[in-house]
Amino acid sequence: MTDRRRNTIILFIVGVLIVGSLLVILAKPTRLGLDLKGGVELVYQGKPTAQSKVDTESLERAIDIMRTRVDQLGVAQPEIQRSGGNEIDVALPDVSNATRAQEEVGKTAQLQFYDWEPNVIGPSGQPAPTEGAVTGDTSTSGPGGVGAGLTEYQAVLRAAKRAPILRTSDTTWSLGCTPQQAGGCIYGSWYLLDTKHEKMLCAGNKAICAPAETEQNLYADAYKPPVGATVKAVRVNPGTVLVQAHPEEDKSGKVVNPSPNSWYVLNDEPALKGADITNPTQGFDEGAGGSGQPNVSFGFTSHGKSVFEGITKTIAHRGQEAQLPGVPKEAALQHFAVALDGQLITVPSIDYTKYPEGIDASTGSEISGGFTITSAQNLANELQSGALPIKLALISRSQVSATLGKQALKQGLIAGLAGFAVVCLFLLIFYRVLGVIAIGGLVIYSIYYFALIKLIPITMTLPGIAGLILTIGIAADANIVIFERVKEEIRGGRSIISGIATGYKRGFAAIVDANVVTFMTAFILFALATAEVKGFAFTLGIGTLVSLFTAVLATQAALGAMGRSPLIASPAALGAARRGRGWTFNFMGASKWFFSLSGTILLIGALAIGGKGLNFGIDFKSGTRIQTAFIKPVSESQVAEAMAAAGYKNAEVQKYTNQSVGGSGYQISTKTLGPEQVKKVQADLDTKFGNGPGAPGTKDFSSTSIGPTFGKTVANSAVIAIIASLLVISAYIALRFEWKYAVPVLIALMHDLLITAGVYSLTGREVTTATVAALLTILGYSLYDTIIVFDRVRENVPRMPRAAFSQIVNRSMSEVLTRSLATSFCTLLPVTALLLFGGETLKDFAFALMIGIASGAYSSIFIASPVLTHWKEREGAYRSRRARILRELGTVPAYATTAAGAPEDVEPEQKRKRTRRGSLIAPEDPGQQLSREEFQELVRDLDVEGEPADGQPAGSGRRRGAAGGNSTAAPAPPATPERDPAADLTPEDLVLKDDPKPRQKTRRPRNRRHGRSR
């Protein structure tokens, strides 16, 4: 296939893909993330239960149940996905009631039914069915109410007296688990007590503390008990469980305390569970004598039906037996308790006069008492979706207002357009016609990229926009590397068409190496990062792959199709006009100065880190951050006073200016707050700075709450991602080059990371998850320049067999320094646009990327290459070369020279390209006139010595003489000048031509049967 035909086919495919991409862009909607359109993001951590451990199956089941619950809430386009090994990330855009969504989505919804009186444990550690003070039957609040309950501290002490009772139905015992809890299995529940002050201990110093699965988990999140406490870890053995009293109500039936510190100790032997009921629905108590209050009705499975009828029959009979002379009916009634997630919902009685043989379950049953319509709907939805197989602990919560989201989207789009424009301007000025081709490639890249974002679909977030803008620079870098090689080939004497073909062929290896490393870093980032950063990693990876197609195939086909166009007839039009010797600086000779400069910078950074440390954000150290503006002018001191009045004296208040909050706003940082606490803070600020009940004082209110567990997870993931990236990068460099090339790469990468960390410490900027993503991107991108240099070193090593390694590296550096600087500058352009026009999150990315890219460009040239040189020159072969040069010249010049001192430049090795028929004499582009250099190369391929005097091509004269049979003596070849022993070999010396061996003809044996007669 000819080049023209191949280019035509490629351009046709590119055009078809453009049309298809435009149709996708017009037809498919763009999916925006929470930070671009507002909403709530919840991150849960899975914890094991007695019935299930945290594994892939249980997490996927939990995600399915959570998705069902979110659908019941009516949230459009929710995103629920795994994050890390045991976390679930829930994104709820445009949610109207964030608190309700949080409560419903992550609730375990474990429903248990108990026969009440025989299972309530008294002071002796045994059931006390007849003691009304224990069961609550004689209290004013009734059975299961707050009147007869114990404080959690007292209930734990009572429950701890009981010996283990192992039943397969227990909710606090995993089958086969022993008290040693090998592998973290469930064997009872653990509580932390302060016996001196008789109270519970847990993170946040709460009055009510949830149990832990193991003793070690009592001290999770680096919890430290308060000073002066007498700490005691207590285990409640399997077979015993604590249940919380049902919500406290006033006389009108309104709930006044949904979570009272009132507890009962029960036998862990539920009669029925949530799996035994069917079709739960919210309704009203409208039967005969009904109250008309909301309730939840449901049916039973076949097993549940028989158990329910049997247990209610037992309760009815027990009530009849308790009906002694003189005992009122109300005192003889027995009860049936319903508990949800460890808290009693209702404890109804069974009327033994109305149901002497129990309740017929064929028509189902109902739960009533203290419900509002909303709470009854919530319970019905929870029971309908099913119980979660594992517990889910909320470790992070973020809420962004819709106004902030729209402003962030606008800022991101402006930054993206500005970055694209400055990159196009740079390419046009620096590369002229080639720049126009590159801009066309960028436009095609942008169309493909946007279409893929809509087609997959990718949820666009602020970090995703940052990744998109960065890939503009990466896509341009691929063109720069190839275009610089094209210019180099044309300056070396090749024709324009030949230079383009050779430049693409020889630049392709460096492009692939650099992009593969960037893609691997993006993949590691996607696998290990938090959900916020996954968008950045995904867009970076997809953009890297798309840029390979547009930079290598599309632009090459376009240039090939323009081969005969007058636009590229002149090297000057391509920016390839001949110039002087180029860079002649002794890079390796000045390495000690570079090492000293880097050492000074690193020392300053290390002192800053040791003295000031790094300003870690709440992503790492946990806490709550509130950002809000106010409808009227307020001062920092006024906001701080309002927070102190709300009970948060240590809150940090900072004023900042940002368009996303309408000008001036305040950032409030405090300890980790729950949703209700954040809501109360907002209400207090609205009241304090508002203009009355109908005019709240805050606007554009947003909050982020990070628990200690999430911060620890983020830190661990960051460390693992950095180590994994370093290992993968080292392995790839060792395979593509050799293992000694990998060590300078690691040193340069650590150099870049330490400098970036030092700058963050000196400036006091906050380190967030966005910073970690930027650092990991730096790992991949700082290799770009290093690979370009090392690729040229690898190419020059066999072509300079007599040069010292420092001379080889200097030559390589002088050849690629321009493209290294151009790629770094081109990438810095969109990053600068990101820093100038982006929002706060985008600026965090941009600042770290700018420092890292600048440091990466410096370390590739002035750190990695000198380190490699100092190491390689210890090898025996290069030591011998250096000794020989010193012996002959007295010193080692910066660049390879002859004994007379003239510079010895090495032309690139020419690899001859065969045509389809294998001919060496056909031009690379049929029909194109050959240059003088290409014609001489074809002459050498014919093995012709000398040139006839008549000026005709030697090949034709020689062939005519041979054909005519003339025996004219050939002229004597000119004398070959004596070769300087210090000079490098020429390309011809490296290509060893074997004399053609005469082909021996083998006679095929004759078939005797069909041969002639003898």
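Q: Is Phe426 buried or exposed, and what is its relative accessible area?
A: In this predicted model, the side of the cut-off on which a residue falls decides the matter, since buried means under 20% relative accessible area. Phe426 falls under that limit and is therefore buried, with a relative accessible area of 13%.

Q: Which kind of aromatic pair do Phe426 and Phe430 form?
A: Phe426 and Phe430 are four residues apart in helix H11 (residues 402–431), which means that about one helical turn separates them. Their ring centres lie 5.5 Å apart, with 15° between the planes. Because planes under 30 degrees apart count as stacked, the pair of Phe426 and Phe430 is stacked.

Q: What is the angle between the ring planes of Phe430 and Tyr431?
A: Phe430 is partly exposed, with a relative accessible area of 36%, whereas Tyr431 is buried, with a relative accessible area of 0%. The ring centres of Phe430 and Tyr431 are 4.9 Å apart, and the pair counts as edge-to-face because the planes stand at 75°.

Q: Which residue lies over the face of Phe847?
A: A charge sits over a ring only if, among other conditions, CZ of Arg is within 6 Å of the ring centre. At 4.3 Å from the ring centre of Phe847, the residue over its face is Arg765.

Q: How many residues apart in the chain are Glu117 and Arg318?
A: Glu117 and Arg318 form a salt bridge in which the closest N and O atoms are 3.7 Å apart. Glu117 counts as buried at 0% relative accessibility, and Arg318 counts as buried at 18%. With Glu117 in helix H5 (residues 116–119) and Arg318 in helix H8 (residues 302–322), the pair links distant parts of the chain, 201 residues apart.

Q: What is the N to O distance in the salt bridge of Glu795 and Arg485?
A: Glu795 in helix H22 (residues 769–796) and Arg485 in helix H13 (residues 462–491) are 310 residues apart, and both are buried. Salt bridges that share partners join these two residues into one network with others, including Glu488 and Arg792. The side chains of Glu795 and Arg485 meet at an N to O distance of 2.7 Å.

Terms used:
Residues numbered from 1 in each chain as written. Predicted model: local features only at pLDDT ≥ 70, side-chain atom pairs only at ≥ 80, totals over all residues. Heavy atoms only, no water. Phe/Tyr/Trp six-rings, centres within 6.5 Å; stacked < 30°, edge-to-face > 60°. Helix = DSSP H or I, 4+ residues; strand = E, 2+ residues; numbered from the N terminus. Buried < 20%, exposed > 50% of the residue type's maximum accessible area, 1.4 Å probe, protein only. Lys NZ or Arg CZ within 6 Å of the ring centre and 35° of its normal. Salt bridge = Lys/Arg side-chain N within 4 Å of Asp/Glu carboxyl O.
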